[in-house]
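Visitor: I have a model to read. Could you walk me through it?
Guide: Gladly. Here it is.

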Amino acid sequence: RSFDHTRYHRLNEIYSILDGVETDSELVTTYVAGTTYEGRDIRVAKVSSGGSKEVIWIDCGIHAREWVSPATCLYILDQLTSGSSEATRLLDSYDFHIMPSANPDGYEYTWTDNRIWRKNRVPYGSLGCHGTDPNRNFDSDFGGPGTSNSPCSDIYHGPSAFSEKESQAIRDSVISHNPKMFFTLHSYSQLWMTPYGYTHNLPANYNEQYRVAGVGVDALTAVHGTRFVYGNIADVIYMAAGGSSDWAYDSAGIQYAFALELRDTGNYGFLLPPDQILPTGEETFAGIVAAIDAANGYT
Ligand code: 0X9
Ligand code: ZN
């Protein structure tokens, strides 16, 4: 097996791991959800034991500097392909679609040029600035609160909704596979967030999403004692329009649309040491599994 959860990986290593698991495991096929401005594939691993089942969507790394997020997607992929009784049980009921690097151009830039780069790398405007924040580029109140129209800003929303390959790739894959649950993994702050980010108003099924988030957080905390706060985005972090999980709920009609902020709470922040990859993966996987089970039989 090609997984190594003791260190962070360059994009080509992540994709070699996908190639390896696709070759080794009958459960895995990969597909290309899009191609970036700089020409890199945005890949997805589908984990399925066959047939056509309810789908769980998990994307990681939409923000380039949040390195523990892609690492956690790889941990989840490792677990689901491990042959464990839990993996078998999950795959009896669900297909998983896992996008480990939703922003490959930005991610590579964090390795080669600027470790704390956040956005993609598309040049816009006359000031020579690069990058749209893909998590401001969805059509959930595009251009609303918590976004910027300056291409030099870290929260630049882009010239129009879905102008970016990264948001298009998530949109198109999610629409075509119609998942029951949507998870997008960020770091850091230890939050489990439900819609909305663009308004303080709560969605119609808020109580149900909050219930499932709470089950997920309890299971997550039980693994290593890591405390998470949960609730709607606008209240637990800040207002931010154009985000993927709001789009997933409003436009794709996904009744469970969660955005997670993984470890830590700011001691290391984006520079989370690699010895925390494994415990972060363990607790996040436990939380997601518990949330999936909590939603079983609902909606
Ligand atoms: O600001 C963000 O995009 C996320 N926080 S981060 O520090 N990882 O950048 C929060 C996203 C909340 N989700 C939505 N606004 N839909
Ligand atoms: Zn983020």
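**Reading the model**

Guide: At 1.5 Å a residue, the 13 residues of helix 2 (residues 68-80) should span 18 Å, and its end C-alpha atoms are 18 Å apart, which agrees. The expected span is 1.5 Å times one less than the number of residues. Helices (H or I, at least four residues) and strands (E, at least two) are DSSP runs, numbered from the N terminus.

Visitor: What should I know about the numbering and the model?
Guide: Residues are numbered from 1 along each chain as its sequence is written, with chains lettered from A and ligands numbered from 1 in the order in which they are written. This is a predicted model: local features need pLDDT of at least 70, side-chain atom pairs count only at pLDDT 80 or more, and totals for chains, interfaces and linings use all residues.

Visitor: What pLDDT does the chain average?
Guide: pLDDT is the predictor's confidence in each residue, from 0 to 100. The chain averages 97. The model scores ipTM 0.95 and pTM 0.98.

Visitor: Is Glu-261 buried or exposed?
Guide: Glu-261 is buried, with 21 other C-beta atoms within 10 Å. Glu-261 is found in strand 10 (residues 256-262).

Terms used
Buried ≥ 20, exposed ≤ 12 C-beta atoms within 10 Å, placed from the backbone.
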